[in-house]
Amino acid sequence: MKGPVVPPVRVALAEAVHALPRDPGRLAYEPKFDGHRMVLFRGAAGEVVLQARSGRLVTAAFPDLAEAARALPDGTVLDGEVVVWSGGRTDFAAVQGRAAATPGRAPALARRLPASYAAFDVLAADGADLRPAPYVRRRERLEALLSGLGPPIQAVPMTTDPDVARDWFETLPAVGVEGLVVKRLDEPYRAGRRAWRKLRHTDTRDAVVIGFTGPRERPSALVLVLPDDDAPVVSGPLAPRLRAEAGAALRGLPEPVGGGTATAVGVGEVAYRSVPPVLEAEVAQGTTRHTVTTVLRLKGGGERGG
């Protein structure tokens, strides 16, 4: 692929805050959707590449978005969130099911669980790398690029009014929005740095279980995928009650297929047995020397395939 910005790219990140930042005239506020981070490349020669936050290429898993991206001008690179809508709200387990689909299964899943792309930044357009440009200019170009396009690729809402942002924060969780992302209007796109800020409703998050360690009847830990990140993480050791509950839930799932490794900070490569991405868990993340993901409770999940 040729162009001013080519895969893989490092994405800009956000640091958690616990109160709504206010700085009139200097900040932009966007809803934070509960989905998978994805960079969308429309190459100068017409090709389309989709990249997850980890750098993994996921084009084959989302043929519907790849086809929709062909309507973008050559050389466009967008940053955004993939979501799947179900029952009037976003469904993160469905997104993970889509991301885990084999190329053979992906077209059928795309028809059954169509994806949407909530774009919140533009990294390249018109043959130029826009990452050094201030956010306000990038936002103007993003809106111009997508104004005539429509679903499934759309720009996320944005406001510079903190009172409107507060209203969003209080009302949008009903549709699966987990909080707000706050950006400085004059700031460039800082790849790999936590220059943005994010305000979540709670310190807990819903994650999708994709595997486990230890015996299936009483797993020692769960392997999880969290919103906004496709890289698996290994939870901390499960409490005895949760080991029993997880064992019962895993017995209701198909036998593991294949296997794999997941990287947990401070632990290294951990072998695990995989399961279909249909079971969810509420988790909390804390940081001592390393980030620790603690499973608080298990949540039911319906069969979505993959």
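User: What makes strand β5 (residues 76-86) largely enclosed by the rest of the structure?

Analyst: In this predicted model, nine of the 11 residues of β5 are buried. Buried means under 20% relative accessible area, so the strand is largely enclosed by the rest of the structure.

User: How do you know that strand β3 (residues 36-42) and β5 pair?

Analyst: Pairing requires at least two bridges between the strands. Seven bridges join β3 to β5, and the two run antiparallel; Phe41 has Val77 of β5 as its bridge partner.

User: Which strand do eight bridges join to β5?

Analyst: That is strand β7 (residues 115-125), which runs antiparallel to β5. Within this pair, Asp79 has Asp121 in β7 as its bridge partner.

User: Why do β5 and strand β6 (residues 89-90) count as paired?

Analyst: Two bridges join these antiparallel strands, and the definition asks for at least two, so they count as a pair. Ser86 stands opposite Arg89 in β6. Two residues lie between the strands of this hairpin, where Gly87 takes a positive phi near 65 degrees.

User: How do you know that the radius of gyration of the chain agrees with a compact globule?

Analyst: For 306 residues, a compact globule would have a radius near 19 Å; the chain has 19 Å, which agrees. The C-alpha trace spans about 55 × 45 × 35 Å along its principal axes.

User: What percentage of the residues of the chain count as buried?

Analyst: Of the 306 residues, 50% count as buried.

How values were computed:
Residues numbered from 1 in each chain as written. Predicted model: local features only at pLDDT ≥ 70, side-chain atom pairs only at ≥ 80, totals over all residues. Heavy atoms only, no water. Rg over C-alpha atoms; globule rule 2.2 N^0.38 Å. Buried < 20%, exposed > 50% of the residue type's maximum accessible area, 1.4 Å probe, protein only. Helix = DSSP H or I, 4+ residues; strand = E, 2+ residues; numbered from the N terminus.
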